[in-house]
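Good morning, and thank you for coming.

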Amino acid sequence: MPFDAYLDGAGRLRKVRHQFSFSNQGRTVAVSSTTLLYGFGARVLVTLPDGRDIYAGKVEV
């Protein structure tokens, strides 16, 4: 999947933009997704999901 990555002056990743398309019922759908990253050095509390909420199978195409 093609993407653009943007770094700040310290070489840290600040933005990632993905652009792709897929076929849905015979129509092509374009998707653009941008993720902004900030707050480096700030403490965060991360809670992992329960094991039963994680899908570890395969998706058939």
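Predicted model: local features only at pLDDT ≥ 70, side-chain atom pairs only at ≥ 80, totals over all residues.

Let us start with the secondary structure. The protein has 3 strands and 0 helices. Read from the N terminus, the order of elements is β-β-β. How does its radius of gyration relate to the globule rule? For 61 residues the rule gives 10 Å, while the radius of gyration of the protein is 17 Å, well over that value, so the protein is more spread out than a compact globule. Along the principal axes, the C-alpha atoms fill a box of roughly 45 × 35 × 15 Å.

Next, consider burial and contacts. Of the 61 residues in the protein, 3% are buried. The protein exposes about 5900 Å², and carbon and sulfur atoms supply 55% of that area. As for contacts between residues at least 6 apart in sequence, 10% of them join residues at least 24 apart.

I now come to the charged side chains. How many salt bridges does a search of the whole structure find? The search finds 3. Asp8 takes part in a salt bridge with Arg12, where the closest N and O atoms are 3.0 Å apart. Asp8 also forms a salt bridge with Arg14, and here the closest N and O atoms are 2.8 Å apart. Together, Asp8, Arg12 and Arg14 are linked in a network of salt bridges. Arg12 has a relative accessible area of 36%, so it counts as partly exposed, which lies between the limits of 20% and 50%. Arg14, at 26%, is partly exposed.

A further salt bridge joins Asp50 and Arg52, with the closest N and O atoms 3.2 Å apart. Are these two partners exposed or partly exposed? Asp50 is partly exposed, with a relative accessible area of 40%. Arg52 counts as exposed because its relative accessibility is 71%, and exposed means over 50%.

Finally, I turn to the nonpolar side chains. Which residues form a nonpolar patch on the surface? They are Leu7, Leu13, Leu37 and Phe40, and together they have about 350 Å² of accessible area. Phe40 lies in the segment after β3, the strand that covers 27-36. With a relative accessible area of 40%, Phe40 is partly exposed.

That concludes my presentation, and I thank you for your attention.

Conventions: Residues numbered from 1 in each chain as written. Heavy atoms only, no water. Patch = residues over 30% accessible without salt bridge, like charges linked within 9 Å, V, L, I, M, F, W, Y side chains within 5 Å. Areas by Shrake-Rupley, 256 points an atom, 1.4 Å probe, with all protein chains shown as cover. Salt bridge = Lys/Arg side-chain N within 4 Å of Asp/Glu carboxyl O. Helix = DSSP H or I, 4+ residues; strand = E, 2+ residues; numbered from the N terminus. Buried < 20%, exposed > 50% of the residue type's maximum accessible area, 1.4 Å probe, protein only. Rg over C-alpha atoms; globule rule 2.2 N^0.38 Å. Contact = heavy atoms within 4.5 Å.
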